[in-house]
Amino acid sequence: MARCRHCGKESRLISQILGACLDCIRGDLAAVLPYIERARSQARNQFALPVHPPKSDPGLWCRICVNECRLAPGDRSYCGLRYNEEGRLRGARVDKANVSWYYDSLPTNCVADWVCAGGTGAGYSQFAYRSGTEFGYKNLAVFYQACSFDCLFCQNWHYRELALQESKVSAARLADAVDEYTSCICYFGGDPTPQLPHSIRAARLALRQNKGRALRICWETNGSMHLALLAQAAEIALDSGGCIKFDLKAWDEGLHLALCGVSNKRTKENLQLLAEYTEKRRSPPFLVASTLLVPGYIDKQEVSQIAEFISSLDPDIPYSLLAFYPHFMMRDLPTTSTTPRNAWQQQRHKG
Ligand code: SF4
Ligand code: SF4
Ligand SMILES: [Zn+2]
């Protein structure tokens, strides 16, 4: 049970680290901002990551994501991957990534497997090896060890330690991990955004090396990248039968800042761009959206507004709601409640 430091409300749906309830964040952001700032500092300082994107002017500029870091000598980027060493930008680049991978038999627990070629056979025989679930094949799951956001509920928070290590892996080495039973690549993390150029290069190499057979390329992302990079990834996913799995974490910008440390404006703009592609390939769907139901914060209002936005772009975009499990700085929140489902079931039995 935690207490909102602004309105005094007590609830197990208030995160102790945030110290602010949903109503106060949405209704009076300026008043609760000091609590949010304190939470953000706590989350970042333990990993020696900057609390805000560095904006030194003059400074070396990275424009890969919404944070647009400008680094003075000695500065480290928001994602932790890049730093200014005596006037030279060091760290991850197009041919050196902080990344690891493993194979996952299909069907996987992929957020899109209920509609994609690997999970359902949609797009057979151009994009899938089977007309149903692709048993016998596997997904190359590629974990990029950094992120452009800093979500307090992060499930894979350990990547923060790895983001600061030396970047080593070439795109060619990653592309070589695709073997004859690999039918899709899934880029995730952390988030692939801060190392998107590396993932694009690896995808192109892998497709060239596996010409003439199905190899789907998919990205699972918070959608905060530069538009020009997103357009390149979108073309690759579209042509290969893969998809972009797009996570919308909150609708309200203040709430998004509180939970994820960064604005959601770019994410919304980028979803608009991707929606222009959906007509080009209906099956399997090119774009799949998702939202994590963080108890106490991502409520009906948030989900309704996100859903309305998605459907205004294209009502056929599949949208998944994901269950929350307490992690990282939000371990005091409960799991997503199953009450509405139970209530619905009871109603159904009565009917
Ligand atoms: S990586 Fe792409 S094709 Fe493979 S299971 Fe996930 S969504 Fe489906
Ligand atoms: S990718 Fe990293 S270094 Fe580049 S702008 Fe984003 S947070 Fe900054
Ligand atoms: Zn409150």
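Visitor: Where does Ser125 lie?

Guide: In this predicted model, Ser125 lies in the loop between H3 and S8, and the peptide bond that leads from Tyr124 to Ser125 is cis, with omega near 10°.

Visitor: And which residues does the other cis bond, with omega about 0°, join?

Guide: That cis peptide bond joins Leu106 and Pro107, with omega about 0°, and Pro107 belongs to the loop between S7 and H3. As background, most peptide bonds are trans, and most residues other than glycine have a negative phi.

Visitor: On phi, then, what is the value for Glu68?

Guide: Phi of Glu68 is near 40°, which is a positive value in a residue other than glycine. Glu68 has its place in the loop between strand S3, residues 60–61, and strand S4, residues 70–71.

Visitor: Which residues lie nearest the centre of the largest cavity?

Guide: Those are Cys110, Cys116, Cys184, Arg216 and Cys218, out of the 21 residues that line the largest cavity. Two or more lining residues come from each of helix H3 (117–120), strand S9 (182–189) and strand S10 (216–221), and H3 gives the most to this lining, with 3 residues.

Visitor: What's the lining of the largest cavity like by class?

Guide: The lining of the largest cavity has 11 nonpolar, 6 polar and 4 charged residues.

Visitor: Switching to open space, what is the volume of the largest pocket?

Guide: The largest pocket has a volume of about 860 Å³. Its lining is made up of 33 residues, and the closest to the pocket centre are Gln155, Asn156, Phe188, Gly189 and Glu220.

Visitor: Now the helices: at what angle do H6 and H7 pack?

Guide: Helix H6, residues 196–209, and helix H7, residues 227–240, pack at an angle of about 30°, and their axes are 10 Å apart. That angle makes H6 roughly parallel to H7, and the crossing of the pair is left-handed.

Visitor: Which residues make the contact?

Guide: H6 brings Leu196, Pro197, Ile200, Ala203, Arg204 and Leu207, while H7 brings Leu229, Leu230, Gln232, Ala233, Ile236 and Ser240. The residues of this contact of H6 with H7 divide into 9 nonpolar, 2 polar and 1 charged.

Visitor: How do H7 and H9 cross, left-handed or right-handed?

Guide: The crossing of H7 and H9 is right-handed, and their axes come within 11 Å and cross at roughly 35°. In this contact Leu227, Leu230, Ala231 and Ala234 of H7 meet Asn270, Leu273 and Leu274 of H9, a set that divides into 6 nonpolar, 1 polar and no charged residues.

Visitor: What about H9 with H10, how far apart are the axes?

Guide: The axes of H9, residues 265–275, and H10, residues 300–313, are 9 Å apart, and the two helices pack at an angle of about 30°. H9 and H10 are therefore roughly parallel to each other, and H9 passes H10 in a right-handed crossing.

Visitor: Which residues of H9 meet H10 there?

Guide: From H9, Lys268, Leu271, Gln272 and Ala275 meet Phe309, Ile310 and Leu313 of H10. The residues of the contact of H9 with H10 divide into 5 nonpolar, 1 polar and 1 charged.

Conventions
Residues numbered from 1 in each chain as written. Chains lettered and ligands numbered in written order. Predicted model: local features only at pLDDT ≥ 70, side-chain atom pairs only at ≥ 80, totals over all residues. Heavy atoms only, no water. Axes fitted to C-alpha atoms, helices over the stretch in contact; angles between N-to-C directions. Helix = DSSP H or I, 4+ residues; strand = E, 2+ residues; numbered from the N terminus. Parallel < 35°, antiparallel > 145°, perpendicular 65-115°, else oblique. Left-handed = near helix turned anticlockwise from the far one by under 90°. Contact = heavy atoms within 4.5 Å. Nonpolar A, V, L, I, M, F, W, Y, C, P; charged D, E, K, R; others polar. 1 Å grid on protein atoms, 1.4 Å probe; cavity = no way out; pocket = protein on both sides within 12 Å on 5 of 7 lines; lining within 4 Å. Points joined across faces, edges and corners; volume = space filled by probe spheres on them.
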